[in-house]
Amino acid sequence: MVVGDGRFRTRNVQVLREAQNALNIAFGAILSAYVGNSLAEIDNRPFDHHALARFFIAVAVFILGLCVANSAILRGEYRLGLIFAVLAAGGATAAHHEGAILGFEVIILRVLAGCWIVALVGSNVLLTAITYLHHRKRT
């Protein structure tokens, strides 16, 4: 039984979104574990509670921007995706800055953010390749 191109792409996008939701949860858990561990280490000395709040807000902006940008790109709305990707980059930069102020090892924050972005973009590329190969085989 041959599946039509539209249905094939729709099913693949649904599977990809479920996988990316799991990916977002996994990276969020890793980030939370790292931040919790870092806070435990700096718990014995005074730290700026306002900087910590700004850090979490910036991380939230990064995650929201990254997820919305990814969804917009999957729908083919590239300009909107770019706007949210820039918003995510701003959130990541602000979180990096606040993390440095708090005494976090910012290289770990960079590695986590980089892996997260590569995984999301890589999965989008994989979906595109699968759709291309499926379409190419039918023509």
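Is E98 buried or exposed? I will come to that after the overall picture. Please keep in mind that this is a predicted model.

Of its 139 residues, 32% are buried. Take the contacts between residues at least 6 apart in sequence: 79% of them join residues at least 24 apart. The accessible surface is about 8700 Å², and carbon and sulfur atoms account for 68% of that.

Now helix 3. This helix covers residues 78–102, 25 residues in total. From first C-alpha to last it reaches 35 Å, close to the 36 Å expected at 1.5 Å a residue. The buried residues in helix 3 are G81, A88, G91, A95, E98, G99 and L102. After the helix comes G103, with a positive phi near 95°.

Back to E98, which sits in helix 3. E98 counts as buried because its relative accessibility is 9%, and the cut-off for buried is under 20%. What is E98 in contact with, leaving aside neighbours within four places in sequence? The contacts are A51, R54 and F55.

Last, the surface of helix 4, residues 106–138, where V121 is found. V121 has a relative accessible area of 47%, so it is classed as partly exposed. Patch residues need over 30%, while exposed would take over 50%.

Key: Residues are numbered from 1 along each chain as its sequence is written. This is a predicted model: local features need pLDDT of at least 70, side-chain atom pairs count only at pLDDT 80 or more; totals for chains, interfaces and linings use all residues. Side-chain values use heavy atoms; hydrogens and water are left out. Helices (H or I, at least four residues) and strands (E, at least two) are DSSP runs, numbered from the N terminus. Buried means under 20% relative accessible area, exposed over 50%, partly exposed in between (1.4 Å probe, protein chains only). The expected span of a helix is 1.5 Å times one less than its number of residues. Contact means heavy atoms within 4.5 Å. Accessible areas come from the Shrake-Rupley method with a 1.4 Å probe; for residues, only the protein chains shown count as cover.
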